[in-house]
Amino acid sequence: MTPSRFAKKAGAAVAVTAAGALAVTGLAHAGPIGPEADVPGSRTGAAGPGTSGARGDRPVPPDGATTTRPNILMFTVDDMTVGDLPHMPKLNRLVVDRGVRLSQGTAPTPICVPARASLLTGQYAHNHGAVTISGAGGGFEAFRDDDTLPVWLRRAGYETYFSGKYLNGYGMRDRRYVPPGWTGWRGSIDLSTYGFRNTRYNVDGRVVTEPAHNSDVLNGYTTEVIGDRARSRKPWFLWTNFVAPHHGGRHESDDPPGSLVKTTMPATRDRNTFRHLGLPRDPEMWTDGGSPWASKKAPRRFRAAVREAHQQRIESLQSVDDAVGAAVAKLRRSGQLRNTYIIFTSDNGYLVGHHNRVGKLVPFDRSVRIPMVVRGPGIPQGRTVATPTTNPDLAVTIAAIAGARPGRTVDGVDMLPYWRSRTGYDRVVPIAAYPLRGGRTASYSGIRYGAWTYVRTKRGKEVLFDRARDPGELRNRARQPRYAATLRMLRAMDRAYRDCAGSSCPGTETFVPR
């Protein structure tokens, strides 16, 4: 879309209230338009397909579906990129082909702790306060977990279960601490979380060491809970949080030097099964593009090391794929599959040679955009949904599915009707990042809207990417005159939304049909 067409569609001005809050009036409209105006217009789920129309009410099941409240199974992984998804055949066959692929899954703050805290709260990082990994605002110690998704679900009558990685730093002060709201708890204790073998788990207040690969341990935990719940009359929510494909584990003979790049640890059966896999062929591979976050040079030795790291990342995801397959099989055998939502996503994306980098926490598409797929009651089969869904949205949507009322003021929206709709929507998504080792002042803030990414650094440098014309984000358009109107619009959005909270964050009133 050209800047002039964008300005005409979006409007020429942003109106911010005296309280510093709201609204992008040029983007707001009374509701969805066209023949499929079937989507609600409120943050927590007003009337629309599959909803009752009242905040906190559970969805109305489609014709022929059970009236029992649905179960919810969420799988998350650590540092998986959208390019990794084709390498998981069981996930694709059992979830993607039987549900929807959310092609614009988005991590507004693309790093472990803030992303997971958003999954627990429905809030952007600047509101839940766990903005980074360690130091000020960092890790488990920075997060208030007394009013989170499992607490809301328990109040609504759900049983709630967790297994795997929690927030960085969990268990280092008190190995037996169980966060509020969980019926069953099996959280891995740092720093053993990243060892992949001999991981220590807090199992409902009892510390247990498991010698097997931790993806296989979580596989067993997940199927055990599913089997046990088949005899329960209560609906359940189960979150299994894998550490793969995050780096960790012991050094192996084919690993590159750690000074070049850190590698992960596949299960023994999966080692070297992707030995011939090359790196992605995306346009931003091994080039800098002139942005503040791109490295200038990638020596050949580094490129070879990244290829090996990429291979091992894909190999480590095979045991996760096995776990997804085992869970679906257990759901089917126990008669629970038809009444269970299955959500699979990552905390953030990851660069493997993109822009000469390895890692995350940058505003590039491969860092911010995450794999996200959903299967469940009323979800279409084999469809791609382009309306963005964020980490905060998932918490709000799960609460809405369960008929639970959030105890916090949430920033996300209920996306279930949008997952079911044939209409795709562009929406405003605020993005931000914070210093890795502590600090509550954002390193950058910005906006993703449609094919645009706008970012302003702490030092005031502006970057504008037109991903429609430049999918590799190799050209900064911020100083090009033809993009001046777009730059002004997105700059105003950033000012309006960088500190938003609740209703002052962009809700469904800013959704625009594609």
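**Helix packing and salt bridges in the predicted model**

Helix α2 passes helix α7 in a left-handed crossing, meaning that the near helix is turned anticlockwise from the far one by less than a right angle. The contact between them involves Pro89, Lys90, Leu91, Leu94 and Val95 of α2, together with Gln318, Asp321, Asp322, Val324, Gly325, Val328 and Arg332 of α7; contact denotes heavy atoms within 4.5 Å. Six nonpolar, two polar and four charged residues make up this contact, where Ala, Val, Leu, Ile, Met, Phe, Trp, Tyr, Cys and Pro count as nonpolar, Asp, Glu, Lys and Arg as charged, and the others, Gly among them, as polar. The axes of α2 (residues 89-96) and α7 (residues 300-333) come within 8 Å and cross at roughly 35 degrees. Such axes are lines fitted to C-alpha atoms, for helices over the stretch in contact, with angles running from 0 to 180 degrees between N-to-C directions.

The structure is a predicted model, in which local features require pLDDT of at least 70 and side-chain atom pairs count only at pLDDT 80 or more, whereas totals for chains, interfaces and linings use all residues. Residues are numbered from 1 along each chain as its sequence is written, and side-chain values use heavy atoms, with hydrogens and water left out.

The protein chain contains 11 helices and 20 strands, assigned as DSSP runs numbered from the N terminus (helices H or I, at least four residues; strands E, at least two). Of its 514 residues, 62% count as buried, a class defined by under 20% relative accessible area, with exposed being over 50% and partly exposed in between (1.4 Å probe, protein chains only). Among contacts between residues at least 6 apart in sequence, 70% join residues at least 24 apart.

In total, 26 salt bridges are present, each being a side-chain nitrogen of Lys or Arg within 4 Å of a carboxyl oxygen of Asp or Glu. Asp84 pairs with Arg313, with the closest N and O atoms 3.1 Å apart. Because Asp84 lies in the loop between β1 (71-77) and α2, and Arg313 in helix α7, this pair ties together parts that are 229 residues apart in sequence. Both Asp84 and Arg313 are buried. A salt bridge also joins Lys90 and Asp322, at 2.8 Å from N to O. This pair links α2, which holds Lys90, to α7, which holds Asp322, across 232 residues. Lys90 is partly exposed at 29% relative accessibility, and Asp322 is likewise partly exposed, at 21%.

Arg427 and Asp393 form a further salt bridge (2.5 Å, N to O). Arg427 is located in the loop between β15 (425-426) and β16 (428-433) and Asp393 in helix α9 (residues 391-402), so the pair connects parts 34 residues apart in sequence. Arg427 is buried at 1% relative accessible area, and Asp393 is buried at 0%. Elsewhere, salt bridges link Asp78, Arg116, Lys165 and Asp347 in a network.

Since 12 of the 16 residues are buried, α6 is largely enclosed by the rest of the structure. Among the buried residues are Asn214, Tyr221, Gly227 and Arg229. Gly227 is 8.9 Å from Arg333, C-alpha to C-alpha, although 106 residues separate them in sequence. Arg333 belongs to helix α7 and is exposed, with a relative accessible area of 63%.
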